[in-house]
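Let's take a walk through this structure together. Have the sequence and the 3D view at hand, and we'll go piece by piece.

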There are 2 protein chains.
Amino acid sequence: MATDEAPKDEAGPTRRGPGRPRKNEEGGSGSDLTERQREILRLVIQEFVSTAAPVSSDVIVNKYRLPYSPATVRNELAALEGAGYITHPHTSAGRIPSDLGYRYFVEHLMERPGGLTALEQHNIQHQFYQIQLELNEWLRLAASVTARTSHNAALVSTPRTYDSRLKYMQLISVQERWALLVLVSQDGTIREQMITLDEAKTQDDLTTISNRLNTLLTNLNWKQMETRTKDWPEDMVRTVALRLVETLKMLDQNQAAQIYRDGLVNILSQPEFSDIERVRQVVSVIESGQALTHIIPEVLSSDGNTVQVIIGGDNRFDDLRLLSVVLARYGIDGQVAGVVGIVGPTRMEYGRSISTVQYISNLLSGLMTERRG
Amino acid sequence: MATDEAPKDEAGPTRRGPGRPRKNEEGGSGSDLTERQREILRLVIQEFVSTAAPVSSDVIVNKYRLPYSPATVRNELAALEGAGYITHPHTSAGRIPSDLGYRYFVEHLMERPGGLTALEQHNIQHQFYQIQLELNEWLRLAASVTARTSHNAALVSTPRTYDSRLKYMQLISVQERWALLVLVSQDGTIREQMITLDEAKTQDDLTTISNRLNTLLTNLNWKQMETRTKDWPEDMVRTVALRLVETLKMLDQNQAAQIYRDGLVNILSQPEFSDIERVRQVVSVIESGQALTHIIPEVLSSDGNTVQVIIGGDNRFDDLRLLSVVLARYGIDGQVAGVVGIVGPTRMEYGRSISTVQYISNLLSGLMTERRG
DNA sequence: CTTAGCACTCAAGATGAGAGAGTGCTAAAT
DNA sequence: ATTTAGCACTCTCTCATCTTGAGTGCTAAG
């Protein structure tokens with residue numbers, strides 16, 4: 001699905017809002033822009049995204065062979081600036097898009113988001129079917145592929161589940177008083193826990209306990225398990241059951257979620273990060289980012305499958321002022337959900353980023369569905 | 001063990017080589033330096049490490065109240081430069097240590113490596129006993145603690161084993177034709193593998209197979225398993241056994257080894273990385289480092305428990321020219337082994353780095369021994 | 001062997017001129 | 001009423017020049 005090579009000749013064709021008036025300027029974020037202004041804004045962004053240099057009226061006119069003179073374009077640029085969509089580093093510089101401008105672009109101006117070519121899609125799929133059917137390997141690969149495809153940094157979170165149920169558990173004797181609890185949930189997630197025992201147990205003892213628990217608790221989620229075990233006697237069986245409850249709960253709440261990251265280097269080679277101070281900030285956001293751990297649960301609990309785009313932190317995340325984040329959910333509705341994301345400078349190819357996270361998240365969802373059957 | 005507060009007043013007391021002649025200069029790496037030269041070299045390094053600025057003769061004399069005049073020191077500096085231990089960014093600058101100088105320092109001049117204070121040790125231990133008894137959590141924590149303690153980037157590799165033996169395995173039905181193979185080795189490592197089945201099997205079928213394999217193969221390593229299963233009939237049982245062999249082999253060869261990293265930000269705040277080009281290089285070395293994956297197996301297969309210090313790549317790793325790596329092995333002799341490392345600029349507090357990796361690796365080794373009993 | 005004295009070198013910062021890019025405005029053209 | 005040519009104006013960037021100060025290296029005296 002989704003071919004490439006968006007037609008660049010026609011104006012901004014897709015998602016154009018309905019009847020738009022001809023008011024010329026002011027109005028803040030009111031989005032009433034002339035058709036021509038929209039076109040020019042699109043070009044400014046397109047040009048700036050690819051060159052990283054402020055865009056002048058001349059460049060727009062000449063490079064894109066517009067039927068207006070630079071002067072006309074200048075007037076329009078002034079209008080766009082008045083409306084807050086672009087800015088001016090200084091008097092004699094060209095224009096650069098503001099966060100608001102990018103937002104408008106993403107919401108109204110983006111041509112059909114530049115999808116991945118068939119070849120790219122094929123190569124990516126190939127890689128996924130290359131490796132063993134292991135969730136974590138998939139996620140790691142997803143991060144790496146996303147980074148490479150988008151030329152930005154990528155992140156993939158391990159999924160949370162919504163209703164984990166016990167499929168199988170086993171206690172394994174490690175030492176006289178320590179046992180390893182291995183838990184497999186219905187969706188194939190494995191968790192291990194070390195348990196200290198009050199009294200020494202042999203492997204046979206442990207197997208007996210495991211068997212009993214498997215018979216009693218299979219296919220229950222943590223809540224059911226909790227009520228079921230409430231009035232069990234205070235013995236080893238119950239202790240283990242409580243650990244099971246605990247662990248399933250953790251899975252459902254996305255505790256212990258890991259984040260796979262990759263491609264940090266990609267965004268450091270962007271020209272906006274020629275300033276060390278920024279680099280440091282970016283690295284720290286990505287390495288140990290508070291912001292990201294706030295955003296991910298938000299995306300997970302949002303509804304709809306739309307890709308979310310957070311531009312320059314959207315005034316909510318100070319650490320992200322210089323960055324944009326494009327996120328998609330993957331998983332199986334109502335059962336498991338994780339996040340695939342791209343982090344890069346606000347000057348980013350939003351179209352491509354969006355199609356990339358879309359493609360990868362769909363791929364992951366597909367793989368997971370397939371695997372669970 | 002290992003207290004702190006190395007006495008800084010006395011000259012370089014520890015590890016002093018035996019009778020050393022009074023030859024004054026030349027001789028390349030021949031290590032015959034005057035006592036005074038050694039002292040001065042030590043001061044140059046100490047000063048440079050803490051200030052990051054080229055060290056002048058004046059500073060040395062005044063700051064450390066040496067009983068010589070700056071001119072004398074200048075002569076000695078010239079000698080040290082001739083011998084290759086220090087250099088000159090340009091004529092009118094002070095001296096900076098060369099990689100050779102650092103090497104000499106680490107090998108002969110370092111005062112008792114500045115150990116961690118009792119408080120630090122206590123805090124670190126506390127953190128480890130805080131968390132669940134999970135190997136991977138320990139390793140992640142080790143990376144984070146090492147980074148924070150050393151103020152550099154840290155890495156911790158998941159351990160390879162030398163003689164993994166099967167403790168317990170179980171097949172779990174996921175779909176009609178897919179099963180999850182969970183393998184627990186004697187040291188408590190867990191691996192999961194998805195297996196596709198030629199024909200549909202119920203969970204009961206799978207359990208029967210598992211039980212048989214457990215009886216037949218428990219406590220075998222992969223080689224034994226291979227010979228044992230050689231002439232089994234070509235059935236499902238054998239297929240699974242082969243996967244077991246494969247997996248144990250992987251464990252022994254440190255395939256699928258992960259590396260936990262942390263603290264990248266720390267080294268970016270060092271003044272030597274005010275140049276973007278360097279930052280990029282460093283980030284790419286640490287994020288996807290070829291060099292590191294070469295070094296780690298080397299350290300693992302080296303003998304002795306000494307901490308290894310690689311300074312500026314030691315002419316073997318080009319990518320590491322600007323960096324030094326301090327590595328220690330952890331694990332249990334002849335059974336499991338992983339690596340704890342610190343990566344930072346060549347201008348690094350080697351003493352502290354060495355004690356840190358030593359301490360952390362001992363701690364990990366202890367935890368592992370304890371856990372396995 | 002040590003050290004005072006001094007010339008010499010070089011980086012780093014300040015200053016200023018010149019060029020070029022690009023705007024914003026005004027007034028004419030359509 | 002919109003478009004556009006023309007032009008003054010602003011600001012950054014680059015380059016060259018100058019100055020300053022740090023720190024050396026050498027020489028000759030202690």
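Which residue does I172(B) stand opposite in β6(B)? It is L180(B).

## Before we go further

This is a predicted model, in which local features need pLDDT of at least 70 and side-chain atom pairs count only at pLDDT 80 or more, while totals for chains, interfaces and linings use all residues. Residues are numbered from 1 along each chain as its sequence is written, and chains are lettered from A and ligands numbered from 1 in the order in which they are written.

Helices (H or I, at least four residues) and strands (E, at least two) are DSSP runs, numbered from the N terminus. That is where names such as β6(B), a strand covering residues 178-185 of chain B, come from.

The predictor's confidence in each residue is called pLDDT and goes from 0 to 100. Chain A has a mean pLDDT of 87, and 91% of its residues reach 70 or more. In this chain, confidence is highest in strand β2 (residues 96-97), at 98, and lowest in β7(A), at a mean of 87.

Take care with residues 1-30 of chain A, where pLDDT stays under 50. The model has 40 contacts beyond four places in sequence for that stretch; a contact means two C-beta atoms, placed from the backbone, that lie within 7 Å.

## Strands in chain B

Back to where we began. Strand β5(B) (residues 166-175) pairs with β6(B) in the antiparallel sense over eight bridges; to count as paired, two strands need at least two bridges found by DSSP. A hairpin joins β5(B) to β6(B) through two residues.

Is β5(B) mostly covered or mostly open? Mostly covered: nine of its 10 residues are buried. Buried means that 20 or more other C-beta atoms lie within 10 Å of a residue's own, exposed means 12 or fewer, and partly exposed is in between, with C-beta atoms placed from the backbone.

## Strands in chain A

In chain A, β5(A) (residues 166-175) and β6(A) pair in the antiparallel sense over eight bridges. They form a hairpin with two residues between them, and S173(A) stands opposite A179(A).

As for β6(A) itself (residues 178-185), seven of its eight residues are buried.

## Where the two chains meet

Chain A puts 29 residues in contact with 29 residues of chain B. On the side of chain A that touches chain B, the elements giving two or more residues are β5, β6, β7, α10 (264-268) and α11 (276-288). By class, that side has 15 nonpolar, nine polar and five charged residues. Here Ala, Val, Leu, Ile, Met, Phe, Trp, Tyr, Cys and Pro count as nonpolar, Asp, Glu, Lys and Arg as charged, and the others, Gly among them, as polar.

## Around the DNA

DNA strand C is surrounded by 20 residues, the closest being S56(A), S92(A), S69(B), H90(B) and S92(B). The largest share of its surface, four residues, comes from α3(A). By class, the surface near DNA strand C has six nonpolar, 11 polar and three charged residues.

## Inside and outside

A nonpolar core is a set of buried Ala, Val, Leu, Ile, Met, Phe, Trp, Tyr and Cys residues joined through C-beta atoms within 7 Å. The largest one has 152 residues, of which A142(A) and A142(B) touch the most other members. Leaving aside neighbours within four places in sequence, A142(B) is in contact with V156(B), V340(B), I360(B) and L364(B).

For a contrast, look at A200(B), in the loop between β7 (190-196) and α7 (203-217) of chain B. A200(B) is exposed, because it has 10 other C-beta atoms within 10 Å. Beyond neighbours within four places in sequence, A200(B) is in contact with E176(B) and R177(B).

Notes. A residue is near a molecule or strand if its C-beta atom, placed from the backbone, lies within 6 Å of it.
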